Every structure is written in structure tokens, then in C-alpha cells.
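Biologist: I am new to this structure and would like to know what stands behind the words used for it. Could you take me through a few of them?

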Amino acid sequence: MLFEVKDVYYTRMRGTPFAVEALKGCSLTIPEGKITAIVGPTQAGKSTLLLTLLGLFRPSRGSVLFRGQDIHQAAFDLEALRLRVGIVFQSPEAQLFEETVGKDVSFGPRRKKLSPAQSRRLVQESLEAVGLPYEEFRTRYIASLSGGQKRRVAIAGVLALEPEAILFDEPTAGLDPQGRQELLALLQRLKTERRLTIVLTSSSLADVAMLADQVIVLHEGRVVLSGSPRTVLAHAEELLALDITLPEITQIALGLRSLWPALRCDVLTLDELEEELVRFLPHAASQETQLSSP
Amino acid sequence: MIEVNNVTFRYSGEAEEGIAPALEEVTLRIDEGETIALIGHNGSGKSTLARLLAAIVLPQRGSVIVDGLRTDAGGESLWQIRQSVGLVFQNPDDQLVTNTVIDEIAFGPENLGLPRFEIEERVEEMLDLLDLRPYARHAVSDLSQGQKQRLAVAGVLAMRPRYLILDEPTTMIPGHTAEQLLETVRRLARERGISVLHITHHMYELADFDRVIVMNRGRVLLDGTPASVLRHREELERAGLGLPLITQLGQRLRARGWSQLPEVILTLDDLKAALCSLK
């Protein structure tokens with residue numbers, strides 16, 4: 001296990017009239033080398049949870065373990081943790097601060113005092129990994145990039161630190177369908193080609209159903225459901241009640257349940273829904289004639 | 001009525017770089033009270049068309065005429081056109097200008113020079129219409145993306161436009177929030193006779209509009225009712241648009257022998273009704 005979260009409580013803006021209990025007895029595990037999606041409506045505690053994993057928030061109760069070690073013990077090196085686990089904040093465009101793409105991505109390697117050659121190699125590899133050719137983008141001004149490109153530069157900046165895991169807060173928010181597809185494909189590549197552990201948050205299961213190995217559903221600071229996307233989708237009605245956006249296919253399956261209550265709604269593709277639905281339909285007249293012909 | 005007559009529009013520099021114009025020989029008419037979904041791939045000319053209708057850019061060839069006024073006539077008529085055609089941008093942050101929700105809704109009416117009681121009345125009306133009353137005194141910066149999008153619509157509607165253009169308002173907000181917004185907008189069209197032009201790239205949003213216009217490479221590819229447009233599967237696919245999943249499901253079942261199913265199924269209710277008739 002990369003992370004274990006044990007019965008964590010956290011109150012944001014504690015001691016002010018705006019205090020919110022963001023996490024209320026949250027327990028979960030993040031396995032290594034897998035994609036974990038933390039799904040929930042706004043205010044469920046998703047972003048708070050990510051920041052708690054990195055030790056940026058200290059739980060008021062409960063503990064966070066990294067490879068079995070409590071990250072808030074005096075002996076634990078939090079700085080080392082943050083070098084091994086990167087984070088891409090929501091709207092990561094906002095975390096870019098240098099003038100050019102090359103300078104921004106090389107910020108981490110330079111701070112780690114790597115040699116110029118090593119730093120250059122990391123910047124090149126990181127930019128190529130996010131689909132931005134090094135020679136073309138190295139000297140480009142950040143201001144001249146599109147929103148989707150800026151997001152990828154921010155990810156490259158984190159990759160250049162050679163982390164073992166990256167946490168992404170709402171990585172697809174505000175992207176159009178094409179940009180969203182590209183970003184999800186990039187996360188998949190980071191997992192398979194670089195064996196990174198990936199944790200992402202989303203308010204929609206539509207984005208993560210085909211991508212995640214594990215889905216954790218958060219509601220009001222607690223885990224209410226977890227498992228493979230299919231296991232979680234089997235509870236589609238409950239998810240809908242929590243204001244979680246379902247994949248289009250699941251929405252159709254759920255709607256058809258009023259005709260056939262036994263219809264499964266844990267289908268991920270149109271093919272699966274078609275096969276599931278066919279089981280319930282009466283045989284078609286023209287289909288029988290087709291079958292009887294040689 | 002808005003008439004778009006044989007309009008061609010090029011952004012500066014496109015000709016030199018040998019890029020085709022953003023819009024080419026587009027002709028269409030928007031009637032009062034119509035709800036239209038305008039769909040197309042990135043770069044198909046959707047947003048350019050929206051800007052031409054709102055007189056933000058002017059056609060280089062052809063004309064755009066809003067209630068009898070040409071958008072390129074200049075002077076007083078430009079103000080009238082901008083007042084009757086309201087445009088909501090894709091990213092609400094691009095058009096919200098004040099600090100609080102109430103101020104934002106009042107901004108348009110104040111600039112129209114309306115008397116105070118009239119401004120207050122419109123603000124009150126919009127707070128209810130777009131479910132913003134709980135946030136009336138909140139800072140705009142504290143709102144969620146969906147709330148900001150509703151506020152942007154409220155700010156535009158407070159100017160009482162006759163035509164409401166929404167440039168991909170559902171891209172930045174979650175599914176169910178988007179559905180609620182579209183439902184509110186369609187209700188307005190029914191109750192007040194406002195025409196709505198909703199720009200989108202989600203095929204599943206088409207079903208509930210009176211009319212669908214499909215753009216491809218700066219031209220109108222298809223124009224008709226949702227059902228008639230979705231009959232053109234191959235043209236849509238060539239324009240990079242797949243049929244809605246529900247329509248695809250119906251067609252797959254038809255191909256497997258349930259040939260009495262309709263060729264184009266638009267909504268879940270249609271699909272259920274069609275499947276019930278098989279039972």
C-alpha cells in the first residue's frame with residue numbers, strides 16, 4: 001500500500017465562524033501502480049483528502065500512513081514525501097510561474113541541484129511524455145499556450161521531479177470533450193509506461209469509469225462506496241442521489257430498469273448494454289427467420 | 001427574426017496563411033421563440049457565428065439583419081442590436097465584472113440607464129428565475145462554476161434580450177447542473193417567446209430543442225428537427241460527430257432484427273415506449 005488513511009477527521013478554517021468539518025472519519029487505502037479515482041459531489045472533501053495525503057493538512061484525529069509509516073511522526077521526512085509524491089492542483093495553469101515552458105519545467109530539477117545535462121534530459125523526457133515536443137516548446141512563452149497545453153506543462157513540471165505517484169485534483173475540469181479525452185489518455189500512459197501510482201478526483205464517474213482501477217466514493221467527508229468501477233456502478237441509484245454524474249451508458253441502463261428491474265446497470269460500454277438488453281427483449285420476428293436460414 | 005444572408009467571415013491573417021474562412025456562405029434564419037441547438041466540431045465556425053449574431057464581429061461579405069437592422073449599419077442601431085441579442089460566453093469568468101451577485105445582475109440594467117425601481121424589480125426576478133436567491137449577497141468569486149454560469153445568464157437576461165445565445169455553457173459544469181440550466185432556458189423560451197441558440201458539442205443535448213443546426217468547416221451541413229438531422233449518420237460522422245448513444249442503441253437493435261423500432265430514437269422515454277411496444 002502506498003497510502004493508508006485511518007479514520008481521519010479534519011476541520012477547515014478551524015476556530016472561525018466559517019469552520020467546516022471536511023473529513024469525518026475517512027478511511028481508505030491507495031495501492032501502488034494503480035489509478036485510484038476519488039469521486040464525490042462538490043464539498044465532499046475530495047481536495048482536502050488529497051492535501052491530507054501530502055501532509056499539507058494535519059488531521060485533527062486519525063492517521064495517514066505512507067508505506068506503513070505515520071507521516072506526522074517526528075521522525076518522518078515530509079519533504080522527502082513531497083518529492084516522491086507530486087500534486088497537480090485544480091486549474092494547474094495557475095501553478096506555472098516562469099516565463100517560458102523550458103524554465104518552468106526545469107524549476108524542480110534545478111532546485112534538486114542536478115547537473116545541467118541531467119536537468120535537460122528530465123525536462124525533455126517530461127515534455128515528451130505529456131505530448132509537447134521539446135524542441136518546439138522549450139522556448140515558447142507560457143502566455144502563448146492554450147489552456148490544455150498549460151495544463152500539460154504543469155504536469156510535465158511535476159514529472160520532472162521523477163515522482164512515484166502523482167495526485168491530480170479535478171484534472172478534467174473545464175476541458176472540452178477532446179481535451180478531456182486527451183488528458184485521460186495521458187493519465188493511462190503515465191500509469192502503463194512509467195508505472196506511476198495515480199490518484200485523481202472528479203465529480204463525474206463518466207470520466208473515470210473506463211480509466212480507474214479503483215473508485216472511492218466520498219460524501220460529506222466519509223467513504224460511502226469503494227471498489228472497481230463496475231462494483232461502484234452497480235449502485236447507480238445511490239450515486240445519482242449523491243449528485244454524482246454517471247456515464248451516459250449507465251444513465252440509459254438505469255432508465256431502462258423501470259421496464260426490467262433486473263437489468264444490470266454496471267455496464268461500461270454500448271456493447272455490454274446491448275447484450276444485457278437483448279436478454280430481456282422478446283425474440284424478433286425477422287430474427288427468427290434469419291436464424292432458420294442456413 | 002434574425003436573418004443571416006450569404007455570410008462569409010475571415011479572421012485577420014487567415015487569408016495570408018492560406019486558411020479557409022471561419023464562415024463561408026452561411027445563410028439561415030432564426031425566428032422568434034425558437035429553441036435551436038448549434039452543434040459542430042472544434043473549429044467548425046459555431047462561435048464565430050455567435051459573435052456575428054451579437055454584432056461583436058461584422059461579416060466581410062453578406063449581411064446579418066436583426067429585427068430589420070443590419071449589424072454593419074453602425075451608430076444607434078448597433079446599440080439596439082446589442083440589447084436585443086444577449087450572448088453568454090463559454091467561461092463565465094470572462095463576463096462577470098462586479099463583486100457581488102446582486103451587483104452583477106444590476107450591471108446591465110444600470111448601464112441601460114433604467115430607473116432604480118425597475119432595476120430592483122429585474123434583479124429580484126432574476127434571483128428567483130435562476131435560483132440565485134440564496135447567494136444574493138455572496139461574492140461572485142465564492143460561487144461554484146455552475147452558479148457562475150447561472151449568474152452570467154441572469155446578467156444577460158436582466159437586459160431583456162429577444163435572442164439569447166449560449167456559447168457552450170455546459171462545457172465547464174457537471175452534467176446534472178448543465179441539464180437544469182438548459183431546462184430553465186427552454187422554459188424561458190416557451191413562456192416569454194425568447195429565441196434560444198445553444199451552442200454545444202454534446203450530441204445527447206439535441207433532443208429537447210425545436211431545431212438543430214450542424215456546422216462543419218464554416219458551413220451549415222444540416223438544419224432541421226433533431227430527428228431529421230440524426231437520420232444523416234454518415235454526414236455527421238464525416239463532420240466528426242457520432243450519433244447519441246441512445247440513438248445508436250436503437251439502431252443496433254434494429255439491425256439485430258427488431259426492425260419495428262423507429263430509425264431515430266432521441267430520448268430515453270422514446271426508447272422505453274418503443275421497447276414496450278415489443279413486449
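Biologist: In which strand of chain A does Y9(A) lie?

Modeller: This is a predicted model. Y9(A) belongs to strand 1 of chain A, residues 3-12.

Biologist: Why does Y9(A) count as partly exposed?

Modeller: Y9(A) has 15 C-beta neighbours inside 10 Å. A buried residue needs 20 or more, and an exposed one has 12 or fewer. The value for Y9(A) falls in between, so Y9(A) counts as partly exposed.

Biologist: Which residues is Y9(A) in contact with, leaving aside its neighbours within four places in sequence?

Modeller: They are L23(A), K24(A), G25(A), P59(A), S60(A), R61(A) and G62(A). The word "contact" applies because C-beta atoms placed from the backbone lie within 7 Å.

Biologist: How far apart are Y9(A) and P171(A) in sequence and in space?

Modeller: In sequence, 162 residues separate Y9(A) from P171(A). In space their C-alpha atoms are 25 Å apart.

Biologist: What share of chain A is made up of buried residues?

Modeller: Of the 294 residues in chain A, 39% are buried. Chain A also has 14 helices and ten strands. Its C-alpha atoms fill a box of roughly 75 × 50 × 35 Å along the principal axes.

Biologist: Which domains does the assignment give for chain A?

Modeller: Domain 1 takes 1-90 + 169-245, domain 2 takes 99-160 and domain 3 takes 247-294.

Biologist: How far apart are the C-alpha centres of domain 1 and domain 3 of chain A, and how many residues does each give to the contact?

Modeller: The C-alpha centres of these two domains of chain A lie 34 Å apart. Domain 1 of chain A gives ten residues to the contact and domain 3 of chain A gives seven. On the domain 1 side, helix 10 of chain A has the largest share, three residues. By class, that side has eight nonpolar, no polar and two charged residues.

Biologist: How many residues does each chain bring to the contact between chain A and chain B?

Modeller: Chain A brings 24 residues, and chain B brings 24. Helix 8 (177-194), helix 12 (248-256), helix 13 (270-278) and helix 14 (285-292) of chain A each give two or more residues to the chain A side. Helix 12 of chain A gives the most, five residues.

Biologist: What classes of residue make up the side of chain A that touches chain B?

Modeller: That side divides into ten nonpolar, ten polar and four charged residues.

Notes: Residues are numbered from 1 along each chain as its sequence is written. Chains are lettered from A and ligands numbered from 1 in the order in which they are written. This is a predicted model: local features need pLDDT of at least 70, side-chain atom pairs count only at pLDDT 80 or more; totals for chains, interfaces and linings use all residues. Domain bounds come from an automatic or database domain assignment. Two residues are in contact if their C-beta atoms, placed from the backbone, lie within 7 Å. Helices (H or I, at least four residues) and strands (E, at least two) are DSSP runs, numbered from the N terminus. Ala, Val, Leu, Ile, Met, Phe, Trp, Tyr, Cys and Pro count as nonpolar, Asp, Glu, Lys and Arg as charged, and the others, Gly among them, as polar.
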